[in-house]
Amino acid sequence: MNITMIGSGYVGLVSGACFADFGHVVTCVDSDAAKIDRLLRGEIPIFEPGLDELVASNVRQKRLFFTTDLAPAVKGADAVFIAVGTPSRRGDGHADLSYVYAAAETIGRALDGFTVVVNKSTVPVGTGDEVGRLIREANPKADFAVVSNPEFLREGAAIEDFKRPDRVVIGVEDERAREVMAEIYRPLSLNAPPLVFVGRRTSELIKYAANAFLATKITFINEVADLCEKVGADVQDVARGIGLDRRIGGKFLHAGPGYGGSCFPKDTLALLKTGQDYSAPLRIVETVVAVNDARKRAMARKVIAALGGSVRGKKIALLGLAFKPNTDDMRDAPSLAIVASLAGDGAKVHAYDPESMEQARSLMPEASFHEDPYSTAEGADALVIVTEWDAFRALDLDRIKTLLRTPVIVDLRNIYRAADVRKRGFEYVSVGRD
C-alpha cells in the first residue's frame, strides 16, 4: 500500500522505515528542510539501534522516500499517518496539539480520493473528532476516515517493538478504514494477529492509560526502595518477589532516579488535564507525577549525603545523561535535575554519555564533558552512575579507584553488587539496598 508519514521524528521515522520493510511504499514528509536533507544524504537525525541500516536498505529498494512537499505525497496515498510532536503546552500541562491540527488542515486541502487519516501521535480523547472537523472544513468534498493508532515503542528497542508488538490498537468508526488498517498491518498476522479494534476515543485513552500505569509501577518501586533503605531490606529482592506474580510482572520494577523521556512525563500530565476537564480526577496519577518530580532532586541529595553533606568545590563524575540506555533522548532525563542540583550546591560536574552529549551540552551549561568514563572519573570525589548503559556495567573498578580522589561510587541504577564493589575498597551507595 501507499503510505504517507507526516513527521520524520522518532515515531514517524521508525514507523515509516518499518512499514517500508513490510513491503509498503512509504513517503516521510517533514517541514524541517534540514532534517530531510540529512535523511536524503543517509544521515539519521536520532539514535536508535538498527535504524540506520533499516532506512538505508529500504531507500535502496525504493520503498522509502523523504520530502518536504506534502501535497503530492498525500495524493494517491491509501493512508496518511500524522506522527508529529505533542509536547506539554507551556503553562498548563495540556498536550500541545497545534502541530496535529496544522497537519490535519494541510492534509485536508491535499486529499484526492478515499484516504484513511491516522493519528499516530499521542493525543487526548476527542482529538480525532477535531481532526475530522478540520479536514472537512478545509475540503468539504473530501472522502476520508479518521483513525487512532497509538504507538507503543520503547526507545532503544523500537524496531523490535514495531515488528513484534504485544498489540496494535486501532480506533475506527468506519468499516472501509478498518479494512485498510487490517491490510497495512497484515504482515504481523503470521500466527495470531495482534490487532485490537476499538472505538476511536477508546484507542486515544488506551495510550495514556498504559503510560500512566507504567509510570505508576516505576514510582511505586522507587518509594518502596526508600522504605527498604529505612528498614534494611533489599529492593531488588522485593521487586523480584512481587514481579514473579504474573498479575504484577517484573517489568518496570527497577528502582532508580525516576522516569523521564518523551512519553511518560508529558502523557501523565496530559491525562491529568483530561481528567480535570471531564471532572474525573486521577488522584493516583497526580501523586505519581509529584513523587517523580521530587525523586530526581532526591538523587542529588543522595550524592551530597555520600560526600559528608556538602559538595561545594568537589568534583562529581556523572556517567550517563540520556533518560535511558540505547537512546540519545534528553527530554526530562533525571540527569538534568541532578546536574542542576549538584551545580547549584557548588559542585563541579563532569559528565560522559555514549550518545547524548551533543544534546546535553546546551541543556547543561554548568557541566564539563569527557570522551570516556575514565577521563571523567579522573580526580573526582565521587563517581555517580545515572544511566545503565551496558558500557558501564563492567568498568575496570581497579582503574577507577586509582583515578578517583576519594573512592566513592553512587550507583543510582543498582547495576553493581554492593559486596563486589566494597571489597575493592570503595564506599558504595545504591538505591534501596544495603
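**Entry 1: H11 and H12**

I started with the contact between two helices, and I found Thr268, Leu269, Leu271, Leu272 and Gln276 of H11 meeting Val285, Glu286 and Val289 of H12. I sorted the residues of this contact by class: five are nonpolar, two polar and one charged. I note that this is a predicted model.

Next I looked up the geometry. Two packed helices are described by the angle between their axes and the distance between the axes. For H11 and H12, which covers residues 283-306, the angle is about 145° and the axes are 10 Å apart. I also noted the handedness: H11 passes H12 in a left-handed crossing.

**Entry 2: H9 on its own**

I turned to H9, which runs over residues 200-231 and has 32 residues. How far does H9 reach from its first C-alpha to its last? I read 47 Å, close to the 46 Å expected at 1.5 Å a residue. Then I checked what comes just after H9: there Gly232 takes a positive phi of about 85°.

**Entry 3: H9 and H11**

I came back to H11 from the side of H9. The axes of H9 and H11 come within 9 Å and cross at roughly 115°. H9 passes H11 in a left-handed crossing. From H9, I listed Leu205, Lys207, Tyr208, Ala209, Asn211, Ala212, Leu214, Ala215 and Ile218 in the contact. From H11, I listed Phe264, Asp267, Thr268, Ala270 and Leu271. By class, I have ten nonpolar, two polar and two charged residues in this contact.

**Entry 4: the second largest pocket**

H1 (10-21), H5 (98-110) and H11 (264-277) each supply at least two lining residues.

Methods: Residues are numbered from 1 along each chain as its sequence is written. This is a predicted model: local features need pLDDT of at least 70, side-chain atom pairs count only at pLDDT 80 or more; totals for chains, interfaces and linings use all residues. Side-chain values use heavy atoms; hydrogens and water are left out. Helices (H or I, at least four residues) and strands (E, at least two) are DSSP runs, numbered from the N terminus. Axes are lines fitted to C-alpha atoms, for helices over the stretch in contact, and angles run from 0 to 180 degrees between N-to-C directions. A crossing is left-handed if the near helix is turned anticlockwise from the far one by less than a right angle, and right-handed if clockwise. Contact means heavy atoms within 4.5 Å. Ala, Val, Leu, Ile, Met, Phe, Trp, Tyr, Cys and Pro count as nonpolar, Asp, Glu, Lys and Arg as charged, and the others, Gly among them, as polar. The expected span of a helix is 1.5 Å times one less than its number of residues.
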